[in-house]
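This briefing goes through a structure by topic, for a reader who has the sequence and the coordinates at hand. Please keep the view open while reading the points below.

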Amino acid sequence: MESHQRVLSGMRPTGALHLGHYHGVLRNWVKLQHEFECFFFVADWHALTTDYADTSGIEASVWDMVIDWLAVGVDPSSAKIFVQSQVPEHAELHLLLSMATPLGWLERVPSYKDQQEKLRDRDLATYGFLGYPLLQSADILIYKAGKVPVGEDQVAHVELTREVARRFNHLYGRESDFEQKADAAIKKMGKKNSKLFNKLRNQYQEQGDHEALAVAQALLESQQNITLSDRERLYGYLEGGGRIILPEPQALLTKASKMPGLDGQKMSKSYGNTISLRDDLSAIETKLRTMPTDPARVRRTDPGDPAKCPVWQFHEIYSSDETRKWVVEGCRSASIGCIDCKQPVIDAVCEELKPIQARAQEYVGQPDLIRDIVHRGSEAARDVARDTLDEVRRAMGLSYK
Ligand code: TRP
Ligand code: SF4
């Protein structure tokens, strides 16, 4: 698989995951792992940026989160599952990138001020917190990830990453013998392709022909007998810059989960309206039975309106057309009660969670297995991270060989 098709995403260890995470993020990960080379990691250093004063919960949250990932089907034989702090290469790249990152870029990231205001009880006027998005950039760039699945709130961080990569390539992608090396690389593509490549490059650089650029990039992609560094060189050469050492990633926007919380707001731990993946099924049943409905239905005989009821949002996710029709008609005519209406949702949520909980239970009983999975994932991630770091050091003149 091509390196630009690597997918990378991370989650801060927040403890037990809930249905919102499952429907919003994890199902997407499970799908992506079959399509791309995936790297999924627990961002424990990122947790420190806000929780540095009390680190006691972090480790347990990490293991719990990994168990939840595995239980929903993230598969360590297709994706690399690891913990950020077990791959210290992230930290070295963060440090190196920090040297050339203007303070203003970090101060302008919207989450910086937003979070400081939201978490007023903590002192977030720290160096680490300011660096949060740059650490995230290092997480992404160290794997040369092409695609980063994130929610809306993280898009600005991927944008910053693109700028940081561009700046890095601009500063350090200029080798003294760049032109010669590029020429030699072009020749390796064979006579016909070399000629075509040069023609397309001229069309792009002289006439701004973006189609020619795209065709030339596709041509590069299809070349079997050039090395990875030659390919990067030629990507840069095409666009008139130097060598591209750290490719710019693309955010893969994960649509906001439609999963409502028990009160109809977005499902979120801070609203206390969640159904955790590992809640007891009987507790889930109670939560759903007691969740609010259309306030107009005071008595069983009062008609209601599904549009004003959070239970309806669950039907939109879990129920068939037929059941939904039954709900709409029954609610508006008061021919069904709210408890009747909730039953298919209760059944569907429990059906969905039963196999997940069974798998989670197995993992809970095998802590050594979890540690082993994370250890192996971290080692596999390190192999890739070390290679990038070698290139970065070399480009910066720090290889001491
Ligand atoms: N900041 C992300 C969040 O809060 C977590 C994260 C850390 C991340 N590093 C990342 C996400 C790299 C994607 C890529 O959700
Ligand atoms: Fe909500 Fe269903 Fe009750 Fe209507 S019948 S108010 S949709 S729970």
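In this predicted model, a nitrogen atom of ligand 1 lies 2.9 Å from an N or O atom in the side chain of Gln154. Of its 401 residues, 48% count as buried.

**Ligand 1**

- Ligand 1 is surrounded by 14 residues, and the closest of them are Arg12, Tyr132, Gln136, Asp139 and Gln154.
- A nitrogen atom of ligand 1 is found 2.7 Å from a polar side-chain atom of Tyr132, while an oxygen atom of the ligand is 3.1 Å from an N or O atom in the side chain of Arg12.
- Tyr132, Gln136 and Asp139 are among the buried residues of helix α8, a helix that spans residues 132-141 and is mostly covered, with 10 of its 10 residues buried.

**Ligand 2**

- Which residues lie around ligand 2? They are Thr293, Asp294, Arg297, Pro306, Cys309, Val311, Val327, Cys331, Cys338 and Cys341.
- By class, this shell consists of seven nonpolar, one polar and two charged residues, and ligand 2 itself sits in the largest cavity.
- The elements that contribute two or more residues to the shell around ligand 2 are α16, residues 321-332, and α17, residues 338-364.

**Salt bridges**

- Side chains of opposite charge can pair when their charged atoms come close.
- For this model the count comes to 25 salt bridges, and several of them are set out in the points that follow.
- In helix α9, which covers residues 155-172, Glu159 and Arg162 lie three residues apart, about one turn of the helix, and their side chains meet in a salt bridge with an N to O distance of 4.0 Å.
- An α-helix has 3.6 residues a turn, so residues three or four places apart point the same way.
- Lys188 counts as partly exposed because its relative accessibility is 43%, while Asp230 counts as buried because its relative accessible area is 5%.
- Asp230 forms a salt bridge with Arg233 as well, the closest N and O atoms being 2.8 Å apart.
- Asp230 and Arg233 both belong to helix α13, where three residues, about one turn of the helix, separate them, and both residues are buried.
- Elsewhere, salt bridges that share partners join Glu89, Arg382, Asp383 and Arg386 into one network.

- Asn169 is a residue of helix α9, and it counts as buried because its relative accessible area is 10%.
- The side chain of Asn169 reaches the backbone nitrogen of Ile245 at a distance of 2.9 Å.

**Glu35 and Ser78**

- Glu35 lies in helix α1, which covers residues 19-35, and it counts as partly exposed because its relative accessibility is 42%.
- How many residues apart in sequence are Glu35 and Ser78? They are 43 residues apart in sequence, and in space they are 9.7 Å apart, C-alpha to C-alpha.

Notes:
Residues numbered from 1 in each chain as written. Chains lettered and ligands numbered in written order. Predicted model: local features only at pLDDT ≥ 70, side-chain atom pairs only at ≥ 80, totals over all residues. Heavy atoms only, no water. Buried < 20%, exposed > 50% of the residue type's maximum accessible area, 1.4 Å probe, protein only. Helix = DSSP H or I, 4+ residues; strand = E, 2+ residues; numbered from the N terminus. Near = heavy atom within 4 Å. 1 Å grid on protein atoms, 1.4 Å probe; cavity = no way out; pocket = protein on both sides within 12 Å on 5 of 7 lines; lining within 4 Å. Sits in = over half its atoms within 2 Å of the grid points. Nonpolar A, V, L, I, M, F, W, Y, C, P; charged D, E, K, R; others polar. Polar contact = N/O pair within 3.5 Å; in protein donor to acceptor, adjacent residues only side chain to side chain.
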